[in-house]
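Please have the sequence and structure at hand.

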Amino acid sequence: MKQNKPVKESATRLVYSSDGSHLKLCKKCGEDPCVCADSPLQSVPIDPAKVTLKLKLEKNQRGGKLVTVIHDFPFNPAYFEDLAKKLKNHCGTGGTYKKEAKPQIELQGDQRDKAEALLMKLGFKTRRSGG
């Protein structure tokens, strides 16, 4: 005679629910609370005195245009999206915050001096990398 093994709760799949509990589940991992690596719950609190941001100037694969890239910072998308907005306003230029495997802030043109001045004013340590 076979014994039925107990089924883990996480191995079950929700088919129908009218109570709205399915709305709390993460679309990627299916868990509540979300355990994804890029979840806001996984964000690291930022202390500017302990963070060193690296600035570099890129021209590769950009049609000859110069782009200032700020990279090598801890995971906290909300904080760095806001920082990107402040940098764009301070430098008077366009730019973006990219959430990829290695998140980075890109500013159009050679804005290293202006960006470095604002970052130091906010309390960050900066280091120029690349050429």
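This is a predicted model: local features need pLDDT of at least 70, side-chain atom pairs count only at pLDDT 80 or more; totals for chains, interfaces and linings use all residues.

The salt bridge count comes to 10.

## Lys-99 and Glu-81

Lys-99 pairs with Glu-81 in a salt bridge, and the closest N and O atoms are 3.4 Å apart. This pair links distant parts of the chain, 18 residues apart. Lys-99 sits in the loop between strand S3 (95-98) and strand S4 (104-108). Glu-81 belongs to helix H1 (residues 77-91).

Lys-99 is exposed, with a relative accessible area of 57%. Glu-81 is partly exposed at 37%.

## Glu-116 and Arg-128

Glu-116 forms a salt bridge with Arg-128, with the closest N and O atoms 3.0 Å apart. The pair links helix H2 (residues 112-121), which holds Glu-116, to strand S5 (residues 125-128), which holds Arg-128. The two residues are 12 apart in the chain.

Glu-116 is buried, at 18% relative accessible area. Arg-128 is partly exposed, at 38%.

## Cys-26 and Cys-36

Cys-26 lies in the segment before strand S1 (52-58). Its relative accessible area is 18%, under the 20% cut-off, so Cys-26 is buried. Cys-26 and Cys-36 are 10 residues apart in sequence. In space, their C-alpha atoms are 8.5 Å apart.

Methods: Residues are numbered from 1 along each chain as its sequence is written. Side-chain values use heavy atoms; hydrogens and water are left out. Helices (H or I, at least four residues) and strands (E, at least two) are DSSP runs, numbered from the N terminus. Buried means under 20% relative accessible area, exposed over 50%, partly exposed in between (1.4 Å probe, protein chains only). A salt bridge is a side-chain nitrogen of Lys or Arg within 4 Å of a carboxyl oxygen of Asp or Glu.
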